[in-house]
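Let's take a friendly walk through a protein and DNA model. Have the structure open beside you as you read.

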2 protein chains.
Amino acid sequence: MKNSEKKVTIKDVAQLAGVSKGTVDRVIHNRGEVSAESLKRVLDVIDRIGYKPNVYASLLASRKHYRIVCLIPDFESGEFWEIAYKGILKAYEECQDFNVTVDVVRYDQFRVDSFQQACRNTIQEAPDAVLIVPMFSDSAAQFVNELHARQIPFVFIESKLPDTPYLAYFGMPVFESGYLSARLLLKHQCAKEVACFRFHRSGDALSNTASIRQQGFTAYLEQHGEACKLWVDYLYPSVCDENTKILDRFFEKHPDVRHIVVFNSRSYIVAEYLRMRGMGDRVLLGFDPLERNVAAMKAGYIEYIIAQKCETQAYRGVKALCNYFVFKTSPSLKDNYMSMEVLTAENVNYYTDLAIE
Amino acid sequence: MKNSEKKVTIKDVAQLAGVSKGTVDRVIHNRGEVSAESLKRVLDVIDRIGYKPNVYASLLASRKHYRIVCLIPDFESGEFWEIAYKGILKAYEECQDFNVTVDVVRYDQFRVDSFQQACRNTIQEAPDAVLIVPMFSDSAAQFVNELHARQIPFVFIESKLPDTPYLAYFGMPVFESGYLSARLLLKHQCAKEVACFRFHRSGDALSNTASIRQQGFTAYLEQHGEACKLWVDYLYPSVCDENTKILDRFFEKHPDVRHIVVFNSRSYIVAEYLRMRGMGDRVLLGFDPLERNVAAMKAGYIEYIIAQKCETQAYRGVKALCNYFVFKTSPSLKDNYMSMEVLTAENVNYYTDLAIE
DNA sequence: TTTTATATCGTGCACGTGCACGATATAAAA
DNA sequence: TTTTATATCGTGCACGTGCACGATATAAAA
């Protein structure tokens, strides 16, 4: 107990197998040039004494160097995709210790040509691995096929293309998050009518997250036979006068609506309207704890925020690729779903996306 | 970009400062025997070229070995403290790579003499660092003073003794979690009466967590001037006939109670009663996603579970101590509060306490 | 038999650091 | 002046691994 058992080294294996450490090394790395007899003896010894190579000594000696490229949507400060970027940076810090560098290539999430250009650039960089947010499914499918042909491993975050040979996926259960949002809203002071505000999308981006969430929402309504009506209307993705007019008209038409849901990260736009019109009695549910959403929640204009831990998704995605090279391990799960956290004014202060030591 | 800048080594520093690597090493580790002139030159160079020692090469060379002892309550399989134990094990796995071993000493959380004995045993082991769940505040205070006198760093998890020189604390905001529980229950279909079931505690354990949560609960009631009554009764900490009788009497006396809160991890006891009596229409809120609680939630007898991420607390506690030795860093925050996750039947399947890659 | 090709293996250096040990210069004591 | 003590410093080995290179044994070809 006091003096814990010494670590077994490659030298111990060599001695017990009656060969040199060079031969053991050849066995470990499948480098060939080993007789069947030696091979068996070495493998037996490794198995028997449970030899595990010292990763850090290995790292020191090998001088190998890997490069990961991350393909994510561009963003302004405070917007959703900044969160993923932060997770990438944190992972990068840790990767540096392992001779792994991380580069980020950004694309305009509203323009498919921008995405395609980013893909071409990435291929040209000849990376050792790729992390990708596959916003445009057709182009992304083509891109990951190209990667696969070049034997470049890749992981998805946020959404995935199921029929591709991805190493891992880190995301949230989208349908279920919509389902959950219905549950939270409807049981909150017994909702009878719910407004749902969606957003016009310029460009032909995939991003059907909001649509799938709405499916989850209506699925809950159907399954629980609630006598609850759902009114859907469309806004523009920024705080602007058009939105004010749209919302004015909406609430004129539906004066009894007390509950509102927004299926993306821009619920602050509706919250801002509620504040302006003194409609603080409405119950608003949104997604993603952006600073503006959290501020609106603290001010009392958003009741629930569902958080999806995007920073953790990105962090774990990069780390999975790093571990793949350094430790030769694949993630234990191919599909990894983050928890859906329910935030209210009472616990939002303690919310942390990525907490590592 | 392609060939990233080479890492600067101690040899580079030595060359630029016009000394040998031995002298640089003496400067880095404050080992003395360096002239004022050399000291300044070396420090200047380190600062200028931003030299950072290679932790893994250092680890390989130094052969230093540290031992962490964790002092936690004993548990049966499936009980609350098993979660902390799991977190310790996961951290241990990672620590092994750094020549850090972790031992666990358990005590009976209901007996102060057991705790004191565990403290004595720990001191005798002469550990390099200690992680502790300070269930009995007086004895724990004495113990950590002893540790401090011996210059042994220590961290708290779960609860803390504020006026002691702890390295870090990882826990949940207890009062706020009670506050949150009131918010969730009262806004759920407009609660009017709430039952609160506490537990008899044999022994004189500290563990005032439940009491503090109740304070948070009533604070919410007061601040929001709800016309809501709170009835408190006491149970025994296991599924047994006495509890059935107590609960029968309670609900006979309070037939209109539809909402129930339990401030510790044993809400499954009440859920079991509800199932037995066919009282599935009651709305029960409990703490900690033990297997039995989660099962009761999925069966429809628990509406909300507040999770406190105990596994993460323990994991981060151990890692903080490990990093303290290996990287010579203290945690950036002394007090670290975990998020309070709100679990319902709709998101409990995706709950993960500790998710690392 | 001698030469050549091939399969198999061991040796030794390098990675960046920690540290023991001995070397050197200088000052103080004899 | 010679001896001794002290302050300061450099050298070289070790940690465990990866890998290039050369060494050896054996079989095939000449």
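## About the model

This is a predicted model, in which local features need pLDDT of at least 70, side-chain atom pairs count only at pLDDT 80 or more, and totals for chains, interfaces and linings use all residues. Residues are numbered from 1 along each chain as its sequence is written, chains are lettered from A and ligands numbered from 1 in the order in which they are written, and side-chain values use heavy atoms, leaving out hydrogens and water.

## Around DNA strand D

There are 28 residues around DNA strand D, and A:I10, A:Y51, B:T23, B:S35 and B:S38 come nearest. A residue counts as near the strand if one of its heavy atoms lies within 4 Å of it.

Phosphate oxygens of DNA strand D lie 2.6 Å from a backbone N or O atom of A:I10, from a polar side-chain atom of B:S20 and from one of B:T23.

## Inside the protein

Which residues touch the most other members of the largest nonpolar core? They are A:F197 and B:F197, in a core of 176 residues. Such a core is a set of buried Ala, Val, Leu, Ile, Met, Phe, Trp, Tyr and Cys residues joined through side-chain atoms within 4.5 Å; buried means under 20% relative accessible area (1.4 Å probe, protein chains only). A second, separate core has 54 residues, including A:L185, A:F217, A:Y304 and B:C228.

Note on methods:
Polar contact = N/O pair within 3.5 Å; in protein donor to acceptor, adjacent residues only side chain to side chain. Buried < 20%, exposed > 50% of the residue type's maximum accessible area, 1.4 Å probe, protein only.
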